[in-house]
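Thanks for coming, everyone. I'll take you through one structure today, a piece at a time. Please have a look at it first.

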Amino acid sequence: MFGSNGLRKIFVIGVIALVLLFIIIANILWSKSSVDSFWHVGPSRSLVHWDDHNSTGVFIWPAPKNVSKGSISMRLSTKFAITPPRTLKVLQAGIDRYTVLILKQRKLRIPAKKNPPDFVLDELRIELKSFNQSLYLGVDESYRLQVPDPSNSRVVLLQTFSQICTYDAVERAVLLQGCPWNIFDEPRFSYRGLLIDTARHYLPLKTIENVIDSMAYAKLNVLHWHVVDEESFPLEIPSFPELWKGSYSISQRYNLDDAKAIVKYARLRGIHVMPEIDVPGHARSWGVGYPELWPSENCKTPLDISKNFTFEVIDGIFSDLSKVFPFELLHIGGDEVNTRCWEITQPVNDWLRKHNLTPSLGYEFFVLEVQKLALKHGYLPVNWQEPFEKFGPSLSRKTIVHNWWGTQIPPNTVSSGLKSIVSEQFSWYLDHIDIPWQEFYSKEPYDNISSHKEQQLIIGERLWSPFTVTDLGPKNAAPRLEFFRILLNERGIAASPVKSKEEGSSKPPDSPHSTL
């Protein structure tokens, strides 16, 4: 087990429920009795206080819940390997990726040392309590990483491994510094999402894969794929094959094999994919292939409420999606609906009158019918906030309300007993490039929500770290974020330098300079 020049192996005990994020995104339960050589960490650790991060040398992003570390260094062998207890597809995919990332990394955290470490690490051995690889919202993502003092020949290690390994340019080796380590970590919110919009801006598959990779590095776990909208309908729908005539061009489309590939790519990184089909507004592109979905040739949105065909198309779309997207949430939009076309198009207006519906009641009817279709196909419906604002009591009690405008919607939503996703645009919309990252970071999802029971209905969105860390503010987070930006650059993600609020928005350099 041990080499002549020091410790040669590290054992890992875990409870894996699904995912791979940093090294292997596993759920971990540490147990001394599992392997005879597992030892509790000795007293040579020092507790990391995040409010004094500059003195700790800990630059993990997102910040773990609890961390303690020491001052001993180990060197990773050039033959370093991560060994699973048995072959599991999701686990092995993560092992393959992160073994390469760790051994090829060249990021520097501290000045190179002239004296090589006394201890060499050959192997990271993983032991699992559960072999369940299912991926679902709320799966246990907690983990524990322990690296006791290697001079005592007792080591337990897991997770965040790729971030606590650094490169020594003089030694030309990857080092594991700060031993002994003891980290316990778990996410604050079960939904940690990022939205991409392929309707307004077509994205090649490779670009989407790069986005997914960056999400995995940051421990985000839901890719919200806003796949269709007014401008284009790029997704293949076999049940209604003319729909993707609404794409920008024949070369800017996704067939179902493309969508399956994205879902698979994300799953192997512990990421859900939630598609969004926004109805009844935001759907003008649907009528390119099926003009009968428009109220008229001159008034093309919202979708025609008066035709059964409209709901047959939506039903077919959801049926096809259910064969590709296994995540339990389906976003069905419902926002920014202007019913003027229904009022001025005579056949639609006649239908509304026949059914004793005003245009606003027609809007409610449409959304509720679509919710029923989503539930029929096994999905939980996610709606933007407008249906909740206009007819909240009528919504399915399984509805998840997605806040995008105003800070009072989440408190109102959870007080009614419904779940909420917080994405308020003046805090977390990435197209608001005038908003500095410090304001993004400072947004607190529990604002104006004091009840613990109601807080549990906020399922996202916020980065991983606990409130005790994020409440320290962006100034405290900046060094870790800058180091994380360097790591992203090294892994092929084009993250820009972190700038302070005082420095203003990004400005092109006017002279040679360091990338740090």
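**Strands, helices, loops and a cavity**

Let's start with strand β6 and its partner β7, residues 119–128: the two run parallel and are joined by six bridges. Keep in mind that this is a predicted model. For a pair to find on screen, take I82, which stands opposite L124 in β7.

Now, how does β6 run relative to β10, parallel or antiparallel? Antiparallel: strand β6, residues 72–83, is joined to β10, residues 173–179, by three bridges. Here the pair to look for is I72, which sits opposite C179 in β10.

On to the helices. Please find α3, residues 205–217, and α4, residues 256–267. Their axes come within 10 Å of each other, and the crossing angle is roughly 20°. Why do we call them roughly parallel? Angles under 35 degrees count as roughly parallel, and α3 and α4 therefore qualify. As for handedness, α3 passes α4 in a right-handed crossing.

Next, the backbone. Most peptide bonds are trans, and most residues other than glycine have a negative phi. Here are some exceptions.

Where is P62? P62 is in the loop between β4, residues 46–47, and β5, residues 66–69. The peptide bond joining W61 to P62 is cis, with omega about -5°.

Another cis peptide bond links T301 and P302, and there omega is about 5°. P302 belongs to the loop that runs between α5, residues 286–289, and α6, residues 308–322.

Then there is H282. This residue is not a glycine, yet its phi is positive, about 55°. H282 lies in the loop between β14, residues 272–276, and α5.

Last topic: empty space. Rolling a probe the size of a water molecule over the atoms shows where such space is left. How many cavities of 30 Å³ or more does the count give? One. The largest cavity has a volume of about 40 Å³. Its lining is made up of T407, P410, P411, V422, K443, E444, P445 and D447. By class, the lining of the largest cavity has four nonpolar residues, one polar and three charged.

That's my tour. Over to you.

Technical notes: Residues numbered from 1 in each chain as written. Predicted model: local features only at pLDDT ≥ 70, side-chain atom pairs only at ≥ 80, totals over all residues. Heavy atoms only, no water. 1 Å grid on protein atoms, 1.4 Å probe; cavity = no way out; pocket = protein on both sides within 12 Å on 5 of 7 lines; lining within 4 Å. Points joined across faces, edges and corners; volume = space filled by probe spheres on them. Nonpolar A, V, L, I, M, F, W, Y, C, P; charged D, E, K, R; others polar. Pairing = 2+ DSSP bridges. Helix = DSSP H or I, 4+ residues; strand = E, 2+ residues; numbered from the N terminus. Axes fitted to C-alpha atoms, helices over the stretch in contact; angles between N-to-C directions. Parallel < 35°, antiparallel > 145°, perpendicular 65-115°, else oblique. Left-handed = near helix turned anticlockwise from the far one by under 90°.
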